[in-house]
Amino acid sequence: MKIFLDTANLESIKKFNDMGLLDGITTNPSLLSKEGGDPASMMKSITDIINGDVSLEVVSTNYDGMIQEGRDLRKYGSNVVVKVPMTPDGLKACKTLTSEGIPVNVTLIFSANQALLAAKSGAKYVSPFIGRLDDIGQNGMSLIEDIAKIFPMYDFETEILVASIRHPIHVVEAAKIGADVVTLPPAVLDKMLRHPLTDIGLKNFLADWEKLKEQNLGTK
Ligand code: E4P
């Protein structure tokens, strides 16, 4: 399963990329807005740092605007995947950009039917938002199960990119289902690499080593 980081924060991107954990990045207008600063320079920096797909989202809502923006976003790097919303214009833009060789991530997916249609339009990725479904009392992960059952029955090459992940258990569940990609907020990735028994074990190893050193000093 590929791991993407769901952020525009350059410090976090560098930190986890240096650990060899990142296969790509997803951004959206809210994540860029959270960082502040010049979005153009942030997007360029991210595409330069990451050796993998970087999703950059259009803000136009009509077909012509999405096409123009998509082509412009792609100029930031050959690893740019253009993110379009799951709307009629978004699907039309998905088909056109895909036919031009520009990969597309269809975002804001909340049903298996939406995922199916985005795949038919040629999307490289579909992004079902599981946390936001959980937030309204639905089961986000069962949507991933449905999509993962449907896609292999047909000829789609579209990958399931599990988005709106809120905690590490979501990641384990997505992995057990066989999702292609999870995109994680930095805080979730940070939690995944920690365990209290690791910290206690390391503390004890180091304390025992100190004891051994003191014993050896005593015998000299
Ligand atoms: C990723 O592509 C999405 O934009 C993101 O995961 C949305 O997450 P949120 O529901 O926490 O905003």
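Is Phe-110 buried, partly exposed or exposed? Phe-110 is partly exposed, with a relative accessible area of 30%. Here buried means under 20% relative accessible area, exposed over 50%, and partly exposed in between (1.4 Å probe, protein chains only).

This is a predicted model, in which local features need pLDDT of at least 70, side-chain atom pairs count only at pLDDT 80 or more, and totals for chains, interfaces and linings use all residues. Residues are numbered from 1 along each chain as its sequence is written, and side-chain values use heavy atoms, with hydrogens and water left out.

**View 1. The ring pair Phe-110 and Phe-129.**
The model has 4 aromatic pairs. Rings of Phe, Tyr and Trp (its six-membered ring) pair if their centres lie within 6.5 Å; planes under 30 degrees apart count as stacked, over 60 as edge-to-face and the rest as tilted. Phe-110 and Phe-129 have ring centres 5.6 Å apart and planes at 65°, so this pair is edge-to-face. Phe-110 lies in the loop between β5 (104-109) and α6 (112-120). Phe-129 lies in the loop between β6 (125-128) and α7 (130-135). The pair therefore ties together parts that are 19 residues apart in sequence. Helices (H or I, at least four residues) and strands (E, at least two) are DSSP runs, numbered from the N terminus. Phe-129 is buried, at a relative accessible area of 8%.

**View 2. A cluster of Phe-151, Tyr-154 and Phe-156.**
Ring pairs link these three residues. The rings of Tyr-154 and Phe-156 have centres 6.2 Å apart and planes at 50°, so the pair is tilted. Phe-156 is partly exposed, with a relative accessible area of 21%.

**View 3. Lys-92 over the ring of Tyr-63.**
The charged end of Lys-92 is 4.3 Å from the centre of the Tyr-63 ring. A charge sits over a ring if NZ of Lys or CZ of Arg is within 6 Å of the ring centre and within 35 degrees of the ring normal.

**View 4. The barrel and its strand β6.**
8 strands close into a barrel, in the order β1-β2-β3-β4-β5-β6-β7-β8. The pairing is parallel. Two strands pair if DSSP finds at least two bridges between them. β5 and β6 pair over 3 bridges. Asn-105 has Tyr-125 in β6 as its bridge partner, and Val-106 has Val-126. Tyr-125 and Ser-127 point one way from β6. Val-126 and Pro-128 point the other way. All four residues are buried.

Met-42, Met-43, Ile-46 and Thr-47 are the buried residues of α3. Thr-47 is in helix α3 (residues 39-49), and its relative accessibility is 5%. Leaving aside neighbours within four places in sequence, Thr-47 is in contact (heavy atoms within 4.5 Å) with Val-54, Leu-56, Tyr-76, Asn-79 and Val-80.

**View 5. Thr-198 in helix α11.**
Helix α11 spans residues 196-218. Thr-198 is exposed, with a relative accessible area of 52%. The C-alpha atoms of Thr-198 and Asp-64 are separated by 53 Å. Along the chain, these two residues are 134 residues apart.
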